[in-house]
Amino acid sequence: MSTLPSSPPSRGKVSIHTLQAKKVRREPITFLTAYDYPTAVALDRSGIDGILVGDSLGMVVLGYENTLPVTMQEMLHHCRAVARGVSHAHLVGDLPFMSYQASTADALRNAGSLLQKGGMDAVKLEGGRERAAAIKAIVSAGIPVMGHLGLTPQSVHQLGGWKVQARSTEAAKILIEDSLFLEDAGCYSIVVEAVPAEVAQLITQRLSIPVIGIGAGIGCDGQVLVAHDLLGLFDRFTPSFVKKYANLFAEMQRAFQEYISDVRERRFPAPEHATSMDPQSLRDLIREINLPDRQMEPEDKVRYH
Ligand code: KIV
């Protein structure tokens with residue numbers, strides 16, 4: 001009896017349970033940021049586990065100095081674009097600055113919007129034990145919450161800049177305690193950013209939920225980077241913990257310069273980039289619009305091919 005060739009296992013939607021199972025199996029979890037449809041499609045087709053629509057979009061896409069000006073409206077706009085491009089990856093939307101800090105009611109309403117209007121599967125917020133009430137309220141509404149500790153960009157002024165956190169014994173102890181608070185409050189995962197690798201590894205060993213590192217060494221359950229950093233698309237700076245896999249900013253500039261010189265030198269558009277009218281229709285048209293009945297000049301022929 002002949003057997004049908006087996007097709008590759010179809011990839012389902014990555015859920016918080018998929019991520020949890022990966023932690024248990026010690027399989028590295030992959031996350032990257034995306035803010036638009038084409039990047040989301042490319043990431044989803046590449047087999048990424050999770051996509052974070054981070055408020056880093058304020059810096060790398062919208063050109064703000066930091067993430068503080070980002071609004072819920074901006075987040076929703078980008079979340080929707082990403083959600084339209086994704087079938088498999090787990091989608092996390094960032095709660096922007098002041099969308100969850102002032103009250104639990106704000107936190108709940110805005111978290112709900114990221115799922116209901118933005119098409120996300122989960123939300124992320126920054127901070128430690130002081131966020132426990134907001135996290136509990138959001139989780140009790142059935143919304144998965146990812147925490148974010150260490151270098152929390154929404155507190156950049158309080159932290160005194162983009163600095164590695166939890167270097168001292170005391171600061172590391174507080175950070176580890178905070179991670180336990182987040183787990184107890186109901187987070188299904190946390191991001192730890194810019195902390196010593198040893199501290200991130202200790203947190204990863206202590207917590208039963210997946211710990212996703214950025215600038216936090218190899219000992220985490222998974223890694224996340226800002227896609228624009230990895231692609232070399234952000235012109236202002238590249239954090240030292242980033243591995244650049246491409247230099248798309250330079251490539252983009254090269255393509256733009258080539259286009260500009262092609263247009264200036266009349267190399268673009270070439271015949272294959274334009275359509276022509278059939279000669280009789282063109283003669284009729286010229287007659288209709290009362291142009292002087294003349295032979296087309298060589299210059300016109302170039303234009304009309
Ligand atoms: O906004 C973001 O992209 C993030 C990542 C850096 C984790 O929070």
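**The ligand site and the chain around it**

A polar side-chain atom of Lys124 lies 2.9 Å from an oxygen atom of the ligand, a polar contact being a pair of N or O atoms within 3.5 Å; within protein, one must be able to donate a hydrogen and the other to accept it, and residues adjacent in sequence count only if both atoms are side-chain atoms. Taken alone, the ligand exposes 260 Å², of which the protein buries 96%; accessible areas come from the Shrake-Rupley method with a 1.4 Å probe, and for residues only the protein chains shown count as cover. The model is predicted: local features need pLDDT of at least 70 and side-chain atom pairs pLDDT 80 or more, while totals for chains, interfaces and linings use all residues. Residues are numbered from 1 along each chain as its sequence is written, and side-chain values use heavy atoms, with hydrogens and water left out.

For Ser56, a polar side-chain atom is 2.5 Å from an oxygen of the ligand, and for Asp94 the distance from a side-chain N or O atom to a ligand oxygen is 3.1 Å. The residues around the ligand (those with a heavy atom within 4 Å of it) also include Thr33, Asp55, His148 and Glu193.

The chain has 13 helices and 8 strands, taken as DSSP runs (helices H or I, at least four residues; strands E, at least two) numbered from the N terminus. Its radius of gyration is 26 Å, well over the 19 Å that the globule rule gives for 305 residues, so the chain is more spread out than a compact globule. That radius is taken over C-alpha atoms, and the rule is 2.2 Å times the number of residues to the power 0.38. Along its principal axes the C-alpha trace spans about 90 × 70 × 35 Å.

Most residues other than glycine have a negative phi, and most peptide bonds are trans. Ala166, in the loop between helix H7 (156-159) and helix H8 (169-185), has a positive phi near 55 degrees. Phe268 and Pro269 are joined by a cis peptide bond with omega about 0 degrees, and Pro269 is placed in the loop between helix H11 (248-264) and helix H12 (279-288). Just after H12, Asn290 takes a positive phi of about 60 degrees.
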